[in-house]
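Dear colleague,

Please find below the structure for your records, together with its sequence. My notes on selected parts of the structure follow.

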Amino acid sequence: MSADEFEGLPGAAVSLLKGGVGKSTIALNIADRLADRGHETVLLDLDKDGHMTTQLGYDDAYDRDANLGDALIDGEDPEDLLIETDFGVHLLPSSNELENVETRLKDERFADVKLRRNVVDPLIQNGYDYVIIDAAGGRGKLSDNALIAVQRVIIPLIPRAGSINGLNKMIERQISPIRENIGLDILAVTPNMIRETMGQHNEHRTLVENLNREFGSFVPEYARVDPEIFDALNDSGRTIDSIPKPGIRERTAISRAFKQGMPVSEFDEDCDQIPNFDHLADLVEEHSHA
């Protein structure tokens, strides 16, 4: 593979090499914001556990015979697998066969580009505008396929010990090799589920501060804090007008919406975090057509 052979297809993968960081929630809400703008948007659930698929109420699809593996490996038409949700997003559901699909991929030629060639590219050729991928939680062929298919990634991190270390490992082991060979844009590294202000030293502040100091160019606008602000907070002799509240904030509306199988805009159109999902959708649009 070389960079000259590949150009990212419209869309993005939401990915981190571990679970429990809100990948599915963010992917769902980005897809919703794109669909709200009139774009034909496919939400592709590549998580072997099918968390997104079952949470949206499509348990039958997760267990059906025809599945993502038929398209990914055998070249069946992926459009036949799509489900049109009540909120305008087309869902390509996960499957209980994805564990076997990952095993089969290890023996396939050009295994890392199967999702791109057999699923995402045909969908774009058939008129869908964007594909948002809820990537698999661990490192493997499916996770690599997600990044290579669209060559854009949004990485969520939550305030938990080891988050920055996990990001560094993902960059070193997965992102850098792909970037060097075919290209891969990091659209955003977003703090997620932030509860606290930055006024106290705790895991919430540590995450946001370290991201802004070490990965500032990847932090989306809604989470950016000038390092000078943290310096001022550390200096008892200085005062600031207001203490920042950056990142995607933890909101009951977001979690309740997901539990009820819908994006937050369908549950509470006034939720103050919708503009943050809109900003991530802006990044997908801008970089898909740069």
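Thr 53 lies in helix α2 (residues 51-55); helices (H or I, at least four residues) and strands (E, at least two) are DSSP runs, numbered from the N terminus. The model is a predicted one, in which local features need pLDDT of at least 70 and side-chain atom pairs count only at pLDDT 80 or more, while totals for chains, interfaces and linings use all residues. Residues are numbered from 1 along each chain as its sequence is written, and side-chain values use heavy atoms, with hydrogens and water left out.

Thr 53 is buried, with a relative accessible area of 0% (buried means under 20% relative accessible area, exposed over 50%, partly exposed in between, with a 1.4 Å probe and protein chains only). Its contacts (heavy atoms within 4.5 Å), not counting residues up to four places away in sequence, include Asp 45, Tyr 62 and Pro 93. Pro 93 is 40 residues from Thr 53 in sequence, yet the two C-alpha atoms are 5.5 Å apart in space. The side chains of Thr 53 and Asp 45 make a polar contact at 2.7 Å (a pair of N or O atoms within 3.5 Å; within protein, one must be able to donate a hydrogen and the other to accept it, and residues adjacent in sequence count only if both atoms are side-chain atoms).

Asp 45 is also one of the buried residues of β2, on the side that holds Thr 41 and Leu 43, while Val 42 and Leu 44 are buried on the other. Because 5 of the 5 residues of strand β2 (residues 41-45) are buried, this strand is largely enclosed by the rest of the structure. Strand β2 runs parallel to strand β5 (residues 130-134), joined by 5 bridges; pairing requires that DSSP finds at least two bridges between two strands. Asp 134 in β5 is the bridge partner of Asp 45. Strand β4 (residues 90-92) also pairs with β2 in the parallel sense, over 3 bridges, with Leu 91 as the bridge partner of Leu 43.

**Helix α9**

Asn 202 caps the N-terminal end of α9, with a side-chain oxygen 3.1 Å from the backbone nitrogen of His 204. Buried residues of α9 include His 204, Leu 207 and Leu 211, and the elements covering the buried residues include β6 (152-157), α8, β7 (185-191) and α10 (227-234). In the contact between α8 and α9, Ser 163, Ile 164 and Leu 167 meet Leu 207, Asn 210, Leu 211 and Glu 214.

Yours sincerely
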